[in-house]
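My notes follow in the order I took them.

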Amino acid sequence: MNNPLWVDIKQTTKQICFVMKKKNCSLFDLTSHQKFLFFIGLRKWGLTIVRTKRICKSVPSTEILSVLSIAFALIEKKRYSDFTIVDQSVKAIKKLVGKKPSSLVNYILRNTIDNEQKVKEDYISNISLWNSPTWWINRVKKDYPKKFKSILEINSLSPPLTIRITGSEKVKNNFFTKIVSEGKNFYELGKNSFSIVPPFDICSTSHFQEGLISIQDVSAQRILEIVKIKEGMNVLDACAAPGGKTFALASNFKSFNLVSNDISKERVKKMEKDIERQKKFLNVYPKTIVSD
C-alpha cells in the first residue's frame, strides 16, 4: 500500500537535509516515490532560494526549504491538486519541526499558487534557471565561455539509469526482452554496462533482487578496464561502501584476495547486505572493514 503523500515528503525531506549537511548518504532506504521526490526537489533548490528570498525576511530552515522545493516541483508537474500539495506539505512540516513553521509553508505555497506573474519572474534569476549558486555559474562562464549554457543545463536533466549485468547472455537477453516489451530502450555502454531509458524502479525487479543486475555509474564500471587483477593478487578497496567497484571486481575476476574498507559503519552495513544479494555471482567474497 502506498504511503500518504505527507509521509513521503517527510522522509524525503530528512534525506535532503542529510545531503545538505554534507554527510555521506544513500538512497537505498527511500521508496521509488520518495526517490522521485528527492530528485525533483533538489532540481528546484535554486528556485526555492530565489522565491523564499523574495517572500521571506530571513532564510528559512533547511527543513522548510526542502519541503518547499518538493512542493514547487509537484505544483509545476501537476501530479496532484494544488490543495493536496499544500495540505500534505503543511502536514509534513508539522511532523518535522512543529506547528509554527507550518504557517510559513502554507503562506509561501498559497502565495506561489495565487501569484502567477511573480512565479514567472522568479525564473529570471540565473540561480533558478540553472539551479546553481552564483559563484558556480560565474566560474563555469569564465572557464567555458562558449559552452557554459549546455554545461549548466545538465542540472535540469533526469539522472541516467546505468546498470551492470552479471550472468550469461541468456540472462541479459531475457532481461532486455522484458524491458523492451514494457516500452523501454537500452543502450550498450560497455561489456556489461547498459543505460536504460526512461529510468524506472529497477530495484523492484526480480533480476535486481536476485543479484543479476546492479545500479552503477558507467565511470565507476571503468574500474574493470583500469585494474587488471591477477590470480593471488592482494587488492584493497579503500572508501569502498556502498561497494559498487568491489562487486564489479569480485564478479569479474577470480582467485584473488579482496579487502573493502570504509569509515562509515552504516554504509558498510548496507554493503554487507548487498553482498548477500549478489553473493552467488561473486567469484571472491569481500572482507569488509570499518576504519576507526
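I count a salt bridge when a side-chain nitrogen of Lys or Arg lies within 4 Å of a carboxyl oxygen of Asp or Glu. This is a predicted model, so I took local features only at pLDDT of at least 70 and side-chain atom pairs only at pLDDT 80 or more, while totals for chains, interfaces and linings use all residues. Residues are numbered from 1 along each chain as its sequence is written, and side-chain values use heavy atoms, with hydrogens and water left out.

**Salt bridges**

I looked up arginine 277 and found a salt bridge to aspartate 274, with the closest N and O atoms 2.6 Å apart. Both residues lie in helix 16 (residues 265-278), three residues apart, about one turn of the helix. I take helices (H or I, at least four residues) and strands (E, at least two) as DSSP runs, numbered from the N terminus. An α-helix has 3.6 residues a turn, so residues three or four places apart point the same way. Arginine 277 and aspartate 274 are both buried; I use buried for under 20% relative accessible area, exposed for over 50% and partly exposed for in between (1.4 Å probe, protein chains only).

The structure holds 10 salt bridges. In another one, the side chains of arginine 51 and aspartate 122 meet at 2.6 Å, N to O. This pair links distant parts of the chain, 71 residues apart: arginine 51 is in helix 3, and aspartate 122 is in the loop between helix 7 (116-121) and helix 8 (126-130). Arginine 51 counts as buried because its relative accessibility is 2%, and aspartate 122 counts as buried at 4%. I also noted that shared partners join Arg51, Arg54 and Asp122 into one salt-bridge network.

Is glutamate 225 buried or exposed? Glutamate 225 is exposed, because its relative accessibility is 53%. Its salt bridge is with arginine 222, the closest N and O atoms being 3.4 Å apart. Arginine 222 is partly exposed, at 36% relative accessible area.

**Nonpolar cores**

I define a nonpolar core as a set of buried Ala, Val, Leu, Ile, Met, Phe, Trp, Tyr and Cys residues joined through side-chain atoms within 4.5 Å. The largest has 30 residues, of which Ile9, Leu37, Leu68, Leu74, Val105 and Leu109 touch the most other members. Helix 1 (5-20), helix 2 (32-42), helix 3 (45-55), helix 4 (62-77), helix 5 (82-97) and helix 6 (99-114) each supply at least two residues of this core. Helix 4 gives the most, with 10 residues. Apart from this core lies another, of 17 residues, among them Leu224, Ala241, Phe247 and Leu249.

I then listed the contacts (heavy atoms within 4.5 Å) of isoleucine 9. Leaving aside neighbours within four places in sequence, isoleucine 9 touches Leu37, Val67, Ile70, Gln88, Ser89 and Ala92.

**Helix 5 and what follows**

In helix 5, I found Ile85, Val86, Gln88, Ser89, Val90, Ala92 and Ile93 buried. Their cover includes helix 1, helix 4 and helix 6. Just after helix 5, glycine 98 takes a positive phi of about 110 degrees.

Serine 102 is in helix 6. It is buried, because its relative accessible area is 3%. Neighbours within four places in sequence aside, serine 102 is in contact with Val90, Ile93 and Lys94.
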